[in-house]
Amino acid sequence: ALYFALFGLFISTFPLPTSHFPLLIVFPAVWVSLEFLRSHLLSGLGWNLLAYSQTTWPALVQMADVTGAWGVSYLIVLVNVAITGLLVKGHPARSAIRHTVIAVGCVLLAVGYGTWRIPQVRSPQTVRVSVMQGNIPQEEKWDDAHREDILARYASLTETAADTNPSLVVWPETSVPGYLGIDEALTQQVIALSRAIERPLLVGAPIPTIDGTRVTLRNSAVLVDPAGTLEQRYDKMHLVPFGEFVPGDRVFPWLRNLLPPIGDFSPGREYTVFTTEVRNS
């Protein structure tokens with residue numbers, strides 16, 4: 001709240017003629033534009049968008065199916081600009097009241113849409129999903145000496161989760177400590193676990209891929225079913241700069257020498273919708 005109050009105080013004193021540049025429109029647009037740039041520039045970091053703060057209010061965030069998260073962020077800033085206009089001395093009272101009415105109207109419109117939309121997308125069927133988090137230290141994650149320990153930890157978590165009768169068990173991104181589908185022993189261990197619990201596993205794993213004339217590494221999610229099938233796969237398309245790749249290292253390879261060890265993943269090219277049999281919980 002203090003953060004938004006300070007932001008609102010800044011924008012309320014910004015020297016723009018409000019008759020031509022209504023703050024209620026301009027500054028939410030500026031905020032969302034900066035969020036968009038941060039999420040896409042050099043692949044971007046689409047984390048901690050302002051819209052995420054409203055996930056506990058389902059009726060409000062349903063508008064995201066039309067506007068994306070950007071619309072929710074815009075609405076939050078718009079409301080805070082209106083509130084600031086009421087609190088800051090010297091702000092024209094008539095303008096502040098008008099902005100407040102507009103903001104309240106936008107919130108009611110968004111909540112009304114969400115209240116109407118939720119029953120349309122809610123399914124009477126319940127699906128139980130178990131999500132694992134092995135909490136593996138980064139320095140151990142790709143160390144072959146810890147490979148069996150990592151697999152044993154996820155196997156234990158998965159077997160415990162199976163007792164809750166889930167329809168699907170999900171492991172984290174790059175949780176498999178090796179090349180799934182390439183390393184035969186590792187692959188059979190993961191398949192054997194899926195067979196043991198009689199549930200499909202959605203696991204994260206680095207997977208080498210032939211890309212034209214060279215082999216590239218993809219950060220992938222693979223659906224492993226009890227029958228041993230690994231056909232359904234998604235290759236991550238929106239990679240994290242300076243974490244999963246170094247921007248510009250193809251042109252300036254010396255950049256990698258200036259940075260700590262960083263992944264060298266290539267982005268996927270298409271979305272994947274996984275399909276699997278659902279068991280009633």
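Biologist: Are Y154 and W171 buried or exposed?

Modeller: Buried means under 20% relative accessible area, exposed means over 50%, and partly exposed lies in between, with a 1.4 Å probe and protein chains only. Y154 is buried, and W171 is too. The model is predicted: local features need pLDDT of at least 70, side-chain atom pairs count only at pLDDT 80 or more, and totals for chains, interfaces and linings use all residues. Numbering runs from 1 along each chain as its sequence is written, and side-chain values use heavy atoms, without hydrogens or water.

Biologist: How many aromatic pairs does the structure hold?

Modeller: Rings of Phe, Tyr and Trp (its six-membered ring) pair if their centres lie within 6.5 Å; planes under 30 degrees apart are stacked, over 60 edge-to-face, and the rest tilted. The structure holds three such pairs. In one of them, the F36 and W70 ring centres are 5.3 Å apart and the planes meet at 65°, so the pair is edge-to-face. It joins distant parts of the chain, with F36 in helix 2 (residues 23-40) and W70 in helix 5, 34 residues apart. Helices (H or I, at least four residues) and strands (E, at least two) are DSSP runs, numbered from the N terminus. F36 is partly exposed at 40% relative accessibility. W70 is partly exposed as well, at 22%. Y154 and W171 form a stacked pair, 5.0 Å centre to centre with 25° between the planes.

Biologist: What should helix 5 span?

Modeller: The expected span is 1.5 Å times one less than the number of residues. Helix 5 (residues 69-87) has 19 residues, so it should span 27 Å; its end C-alpha atoms lie 28 Å apart, which agrees. Its buried residues include G71, L75, N80 and G85.

Biologist: Which residues are closest to the centre of the largest pocket?

Modeller: On a 1 Å grid over the protein atoms alone, a pocket is an open set of points where a 1.4 Å probe fits, with protein on both sides within 12 Å along at least five of seven lines; lining residues have an atom within 4 Å of a point. Volume is the space filled by probe spheres set on the points, which are joined across faces, edges and corners. The largest pocket holds about 820 Å³. Of its 33 lining residues, Q138, K141, W142, T174 and F265 are closest to the centre. Helix 8 gives the largest share of the lining, three residues.
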